[in-house]
Amino acid sequence: MKKYLAEMVGTMVLVLMGCGVAVSLGCNIGDPATVIGTALAFGLAVVAMAYTIGGVSGCHINPAITLACYLSKRMSGRDCGMYMLFQVAGAFLGSLLLWLLTGNVDGLAGTGANDLQAGVSLTGGLVAEMVFTCVFVLVVLGATDAKRGAGNFAGLAIGLSLVLVHLVCIRYTGTSVNPARSLAPAVFQGGTALTNLWVFIIGPFVGAICAAGIWAVIDGDEGAK
């Protein structure tokens, strides 16, 4: 139960801090400073949680990462399901806190929910989430590999890769690469964020499956020998 609770707390912090900065700065693709600030917030939240709960649960705080770890035979099906359940619960806690905060501050609104940016089609958004989730999860799998991973620097590598992914993908979808991070804020915010939510669930999961497949090919037992 400790590792499940750790995942809940970690995901809550990720959503509260990452989405919180996006709301506080008014993240806008027309203002590079707000984009950079938001990207850094998500990356730093992951780094902070990696060194806080990494030793307890591995700090997935993302159902897409959990799915890839399960497909890579790094965890059981039961743990996979429980991790996802508690990650979603944590995301809702983080979104609830943010919703309460923004509701009591003039000029602030929303919970940092993902949505398609202007001029981006559903197909474009779906492809973006698939591709960038694949890249991000691939980094996670490589950095945390028991034999050839980044060791104590894994959290830093993963956090920085999330910053990089946000810098590219915010222009298209606001960057999810995490179904839990998208689900909870969309429920609180409603509107098109809720209508287009499927893009931010299916896209990351498909991207995670692709990442697990790629990692199996480039780091398979046969290749390692």
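1. Start with the largest nonpolar core: it has 49 residues, and Ile-61, Phe-136 and Val-137 have the most contacts inside it. (A nonpolar core here is a set of buried Ala, Val, Leu, Ile, Met, Phe, Trp, Tyr and Cys residues joined through side-chain atoms within 4.5 Å; buried means under 20% relative accessible area with a 1.4 Å probe, protein chains only.) H1 gives the largest share, nine residues.

2. A word on the source: this is a predicted model, where local features need pLDDT of at least 70 and side-chain atom pairs count only at pLDDT 80 or more, while totals for chains, interfaces and linings use all residues. Residues are numbered from 1 along each chain as its sequence is written, and side-chain values use heavy atoms, leaving out hydrogens and water.

3. Back to Val-137: leaving aside neighbours within four places in sequence, Val-137 is in contact (heavy atoms within 4.5 Å) with Ala-64, Ile-65, Ala-68, Ala-208 and Ala-211.

4. Now look at Glu-129, in helix H5 (residues 122–143). Glu-129 is buried but has no salt bridge, meaning a side-chain nitrogen of Lys or Arg within 4 Å of a carboxyl oxygen of Asp or Glu. Arg-181, the nearest side chain of opposite charge, is 7.8 Å away. What does the side chain of Glu-129 reach at 2.8 Å? That is the backbone nitrogen of Val-177.

5. Helix H4 (residues 77–102) has 26 residues, so at 1.5 Å a residue it should span 38 Å; its end C-alpha atoms are 37 Å apart, which agrees. (Helices are DSSP runs of H or I, at least four residues, numbered from the N terminus; the expected span is 1.5 Å times one less than the number of residues.)

Definitions and conventions
Helix = DSSP H or I, 4+ residues; strand = E, 2+ residues; numbered from the N terminus. Buried < 20%, exposed > 50% of the residue type's maximum accessible area, 1.4 Å probe, protein only. Lys, Arg positive; Asp, Glu negative; His and termini not counted. Polar contact = N/O pair within 3.5 Å; in protein donor to acceptor, adjacent residues only side chain to side chain.
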